[in-house]
2 protein chains.
Amino acid sequence: MSNTSIKGITNIGQWVTWNPEKQAMEVGNGGTWLMENGLFSEYTPKSFMDHEFLNAHGQLMTPGLIDSHTHPAFATTRELEFEMRSQGKTYQEIAEAGGGIRNSVRKLREISEFELVDLIETRLNLMLKHGTTTAECKSGYGLSTEAELKSLRAIRTASQRTPLQTFSTLLGAHEVPDEYRDDRNTYIDIIVNDMIPAVSGQKLAAYCDVFCEEGVYTTQETEKILLAAREHGMQLKFHADEFVSSGGAELAARMGALSADHLMAISATGITALAESDTVATLLPGTTFFLGSNTWAPARKLLDAGVTVALATDFNPGSNMSLSMPFILTLAVIYLHMTPLEALQAATSGAAKSMGIEKNTGSISPGFKADAVVWQVDNYRQLPYFYGSNQVHQIVVGAEPIL
Amino acid sequence: MSNTSIKGITNIGQWVTWNPEKQAMEVGNGGTWLMENGLFSEYTPKSFMDHEFLNAHGQLMTPGLIDSHTHPAFATTRELEFEMRSQGKTYQEIAEAGGGIRNSVRKLREISEFELVDLIETRLNLMLKHGTTTAECKSGYGLSTEAELKSLRAIRTASQRTPLQTFSTLLGAHEVPDEYRDDRNTYIDIIVNDMIPAVSGQKLAAYCDVFCEEGVYTTQETEKILLAAREHGMQLKFHADEFVSSGGAELAARMGALSADHLMAISATGITALAESDTVATLLPGTTFFLGSNTWAPARKLLDAGVTVALATDFNPGSNMSLSMPFILTLAVIYLHMTPLEALQAATSGAAKSMGIEKNTGSISPGFKADAVVWQVDNYRQLPYFYGSNQVHQIVVGAEPIL
């Protein structure tokens, strides 16, 4: 326990959390959540005036938000493509004209690791400032063993410089790089035989992900890559059924992946497959919003089928240039028709499950990591409701106040 | 000129503004905008190290944003209705069940003026923190002479406590209050013969506005109220054609109103009428967004017809609980298909015209009020593109730095 740790958060107004014993969301009022050794220890209805406690001043306390799907390792922003899209070009048209992910790949290969670390550090600190205390961070703009390793090292270095807790994902199969356009099998062999062993050997990634989608990687290719990743000790994630239903969700469930992400085009079979598995459905409504699409992931169908849902930003320079989790809660309520409580669950314990860390992160409960946010609002419904301005009052990570 | 005034903003990266001489947007790079007596004086390509200048560190400088349509004088938030809507109730159904504007009216009448001032002050400061330096503020939740006067006095007092410049609007005709449901003509007589003279006598409002819409006020009723307002020296604004095309835009143009606002349902005739007038079309895409609607105002048709467009938040507790102008720029680009430059024009000089202050506010030009924002981005396209987190680096109002 460091010198800057607090003994707890006191004078709480409302506190809201997933309760792992009751397996349900819980809403409490008043009192103090005590902390010890960086973890929550117990709740007491008393409040304390002691300056070693953080005073919530009667405001809302939630677990730190968990952003379980981000792409922060990019070299340059792509605002010109954003303007082109608004004037009528589609994402696919821009990609075919040399924009899109391939644009980011050229830039990522050119940038120095030193510069990349700085960029990622700035982005992680902005996430933290807006309430995210844990983030999953993907590589995927390098598309060569060298550039993917550079990305993952940069994420690790940047992460060590911020209090935000990160877990990395190898996404070498984000796209097929230009130099292997006509020889995709060779690139897949590089991922399987070179990239995955190297990343695993240097312990640079906890997870491996594939963009399983029509025009990107087929389910057969995805399975080949992810079987190799599993053999090297990585857990599995999927970009699945974003534009077309191609069996990605079904494959994710069958392979026991931690999560299947996007799912705007998931089929009824896919929903059933997820419901019968432990795979989490990670929904990214910011991407639908940013692309100006009307196709929202079928959150209600997934929830009603009993699937665990996570919400995340998909922060990336092409299809969602935003790292605000509170805004994702707003989209989830308005456009996915989730209740504010369901949305908050999905942004904390649901997200933790999608990262395999649900036993110790994402809940205000004894023994869980003491990550919390005090918000300048009275109750949890106001979080998604009062949107567009930063409502964070204070962030606590591992019992240490950050702001 | 106060002791805290700066001599200018120096080391600018990119600066973007409406140029009133060229009648076009202008994008410049580098140098310094000098200030004198609270106004911009001249531009020089030189930069200065003097600490009496604000150093922009090579970042983007824009005019202060102008939010030309807000409803900040409300007593309580309405997050429960927000949740109900997400679970399938419509805005109209909630209004008929006693929610909506009538819910806000009951609460506004109960709250003390002292408490209301505090609430408005907090909201104005949040606007300022997110880049808004001038705001139009409406009454309209009182719906009695006493409660409308209370609202307008509270706006004035709150405004005096913040650097944000506000202009007030009497919106006594926001709804018909419950006690006159069956006797609406009596309420209209009260507005005309009691409310308008009282507000005008105490110089509490620059503008008068009416919710001209099917089920609220007819065009005949609107005309009667606004003729009275004009006789008392107020300029005119309209809530027009939000849900149904009922001739509101046409009437606004015919009466020489400063602006017709909302316009999601404007007819072709309405667009032509605005194009042939000086009336500004004020678009409020945050409301479409927050109501989960797919009906966006026809911005491109308005722009292509030559209508001056303004963008504003419509900040209010029922149909858009957000005071972020940068987010409105994002919506304008993605959903109204405006270019980033058109959106920025609409949020500065277009908005100024909708408030009749375009001769001295909303432009970085000699003689204009020295209101500006330095943003943590490189260029103007990044403003709407990198959304959901607050990109403000520094705010300057009347040559004084605020943050």
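By buried I mean under 20% relative accessible area, by exposed over 50%, and by partly exposed anything in between, with a 1.4 Å probe and protein chains only. On that scale N11(B), with a relative accessible area of 32%, is partly exposed.

Before I go on, this is a predicted model, in which local features need pLDDT of at least 70 and side-chain atom pairs count only at pLDDT 80 or more, while totals for chains, interfaces and linings use all residues. Residues are numbered from 1 along each chain as its sequence is written, chains are lettered from A and ligands numbered from 1 in the order in which they are written, and side-chain values use heavy atoms, with hydrogens and water left out.

Let me stay with N11(B), which sits in the loop between β1 (8-10) and β2 (14-19) of chain B, helices (H or I, at least four residues) and strands (E, at least two) being DSSP runs numbered from the N terminus. Its phi is near 55°, a positive value in a residue other than glycine. A399(B) likewise has a positive phi, near 70°, and is found in the loop between β17 (392-397) and β18 (400-401) of chain B, but A399(B) counts as buried, at 1% relative accessibility.

Now to helix α1 of chain B, residues 79-86, where six of the eight residues are buried, so this helix is largely enclosed by the rest of the structure. Those buried residues are E79(B), E81(B), F82(B), E83(B), R85(B) and S86(B). Which elements cover the buried residues of α1(B)? They include α12 (325-335), α13 (340-346) and α15 (382-385) of chain A, together with α2 (91-96), α3 (100-110) and α10 (285-290) of chain B, where contact means heavy atoms within 4.5 Å. After α1(B) comes G88(B), with a positive phi near 115°.

My last stop is S293(A), in the loop between α10 (285-290) and α11 (299-304) of chain A, a residue that is partly exposed, with a relative accessible area of 22%. Leaving aside residues up to four places away in sequence, S293(A) touches T288(A) and Y335(B). The side chain of S293(A) also reaches the backbone nitrogen of T295(A), at 2.9 Å.

Note on methods. Polar contact = N/O pair within 3.5 Å; in protein donor to acceptor, adjacent residues only side chain to side chain.
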